[in-house]
Amino acid sequence: MKQKKTKILVVDDSFYMRTIIKNMLLDAGYDIIGEAGTAAEALEQTDKLKPELITLDLILPDNNGTDLLQKLKEDHPNIQIVVVSAVGQELILSKAKDLGAADYITKPFEEEEVLKTIKSVLN
Amino acid sequence: MSRKDEYWKIFITETREEFDKTCLNLVEFEKNPSDQKLVDEVFRLLHNMKANTKAMGLEDIGELFHVLENIFSQIRTNKLQFDQQVAQAVFYSTDYIELLLGKIEKQESYEVDSELIENLNKIAGGEIYPNSYFSQKSKQSTDVVNITDQVNISIKDLDDLLNMVGELVIDRDQLMNIASKVEYDSIMNLTSHLSRVTDQIRDKVMDVRLINVGALFNRLPKIIRDIASAENKEVEVEITGTETKIDRNVLSAITDSIIHIVRNAVAHGIENPEKRKEKKKSKRGNILINASSEKGVVEISIKDDGGGIDYQKVTDKAYELKLINEAVKNDISKRAALELIFLPALSTSDKVTENSGRGVGLDVVKTDLEKLGGYVDVDSKLGSYTEFILSMPISIAVKSCLVFKVQRSNFAIPLQSISSVLKVPSADLYQIGDSIYIDYLQKSVPLIYLSDFLYSKTSLTTKSNLNRKLLDIIIISYGGFMTGLIVDELLRQQELVVKPIKKPLDNLEYYGGITVLATGDICFILDVANITKTYNLEVTA
């Protein structure tokens, strides 16, 4: 039997960034079950699709900072959340960890680094 | 398109969009400096552009966005005011970025002024007053607006345009006809020029509607991956010919069919790894998808190295469902038996799917292709492979057709469906049962006398109906069947703008479209698929 694939939701307001992340994770054999570009979409998709892991951009048109992360963690404490954030957001990152983010990745990232982080979060 | 090219395209489009939005928001923000939403939005956009340019490897322009983001990070937390000095620096920077983006879009080399970044950093750090760098620079600055080379056209506009070109071509043809009768030099010259230009417009309009089949093909690996994973199968997919061009609407019309066949190939064709091992096949199944085009026809082939189709079982099932009689069952060729999987009754039967490994929904695939004037063909070897070949016109609207007369009306058949045109003495025809035949390429090809077929609703013609010595016969080929059509008079080969037949006439089963000829006469385009089907059912039933 083949291993069941981890279901991942990609949240980022940049289509370009989502495309890169999505392809990278697909190639690594993960199941990308959805994408979201806003906080509202992210909440809706999470309720509907029940991902096991979310890659989460913190700066979205309707979310600035850690509100969305907090809400996601409250509603779905078992979902692993990996924050994907651009450099310059170091302050927010430590807050994100306090709020239950499993780990974080800084944009721009190396493919290896992303896969390593996600793998270690899932183990 | 390679993945790198795809990323680049998305990056350019998105960055341009975000940058334009940023500039708009900045102008608004200058007017309403207390609007927190605007400053948050500017910050978010700068933040994205920074991350994306850096991810694209454009480090230095990324740095420029980074320092601007820092400035707005200060402004949104009220540590810095967007006053005249800061505004001057920011607007100078956006003008500067506009120039850079223009170069990046054209893939030209560029350099970012390190002095600019340095001075912006000073502003972000609070030391601005007075900053002579920006006041100097702003004086020299000229407004540059890069209007993009690309425009977006909706497919609706292109459809309208194509329709109008169609009308133009029809009018042109009629005008040419009139001009040739008038024999007036200046009119002749003018119409022949008009004719050339009309052709060029038509070709151009058709061209801009073409896209790469990659637009669909690039989505297939993910779909295959998902089904394979759900079915616990391992599948390798190889895709070639992604740059093959096809009309956007044609591609859109066949998308579901392609996905359907691919789905079937993974779910029912490819065996699971254990079974493949038993059969001494590689553990991973293979699916080859290819597109190619020739002479206005695009061919897409989807081949899997799975279990293949058991055509004996298909035949038995068809017999059981009374789709074929016993004589046909005992005498059916492999090819004709494989064709049976496209019959609605068979293709919706789950049992057949389980037993033969294929079938569900293939009737829909066939109908969809026929609507486009295309067809689907299947080849398979039990135990080793199944290949579906979908053939369709590059474009729907204009077709090269052969125009002919039956009784007093004009008809046409797309050249794509014609194998050959023959002139034969009626003595060469022979009769078996209710049908007449002719030998063509060492095969017995059944003949339809269109005058009888179209006007008296029967395909049963006896040799005695044909009182001419020499007969014009068009051999049409559809789905592996060849059929000869006896016509009354061959006219010419012509590019026709085929219009769909609208209600309430859309149920005329033998007609696939309609057009107006240069003479102003109406011409029906025959539906080769339906004629072949009707005829072959009448013969085999």
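Student: How many residue pairs are in polar contact across the interface of chain A and chain B?

Tutor: A polar contact is a pair of N or O atoms within 3.5 Å; within protein, one must be able to donate a hydrogen and the other to accept it, and residues adjacent in sequence count only if both atoms are side-chain atoms. Across the interface of chain A and chain B, eight residue pairs meet that rule, both residues being at pLDDT 80 or more. This is a predicted model: local features need pLDDT of at least 70, side-chain atom pairs count only at pLDDT 80 or more, and totals for chains, interfaces and linings use all residues. Residues are numbered from 1 along each chain as its sequence is written, chains are lettered from A and ligands numbered from 1 in the order in which they are written, and side-chain values use heavy atoms, with hydrogens and water left out.

Student: Which elements of chain A give two or more residues to the side that touches chain B?

Tutor: Helices (H or I, at least four residues) and strands (E, at least two) are DSSP runs, numbered from the N terminus. The elements in question are α1 (15–27), β2 (31–36) and β4 (59–60) of chain A. The largest share, eight residues, comes from α1(A).

Student: How is the size of an interface read?

Tutor: It is often given as the accessible area lost when the parts come together. Here buried area is the accessible area (1.4 Å probe) that two parts lose on being put together, summed over both. Chain A and chain B bury about 2,300 Å² between them, 56% of it on carbon and sulfur atoms. In terms of contact (heavy atoms within 4.5 Å), 28 residues of chain A meet 28 residues of chain B.

Student: Which residues form the salt bridge between the two chains?

Tutor: A salt bridge is a side-chain nitrogen of Lys or Arg within 4 Å of a carboxyl oxygen of Asp or Glu. The count between chain A and chain B is one. B:Arg44 pairs with A:Asp13, and their closest N and O atoms are 2.4 Å apart. Over all chains the structure holds 31 salt bridges. Among them is B:Glu28 with B:Lys31, at 3.3 Å between the closest N and O atoms. Both of these residues lie in helix α1 of chain B, three residues apart, about one turn of the helix.

Student: How is an aromatic pair described?

Tutor: By the distance of the ring centres and the angle of the planes. Rings of Phe, Tyr and Trp (its six-membered ring) pair if their centres lie within 6.5 Å; planes under 30 degrees apart count as stacked, over 60 as edge-to-face and the rest as tilted. The structure holds 17 aromatic pairs over all chains. One of them, B:Phe29 with B:Phe82, is tilted, at 5.0 Å centre to centre and 40 degrees between the planes. B:Phe29 lies in helix α1 (residues 3–31) of chain B and B:Phe82 in the loop between α3 (59–76) and α4 (84–105) of chain B, so the pair ties together parts that are 53 residues apart in sequence.

Student: Where in chain B does pLDDT stay under 50?

Tutor: pLDDT is the predictor's confidence in each residue, from 0 to 100. Where pLDDT is low, the predicted coordinates should not be read in detail. The stretch under 50 in chain B is residues 348–359. Chain B averages 83, and the mean for chain A is 88.
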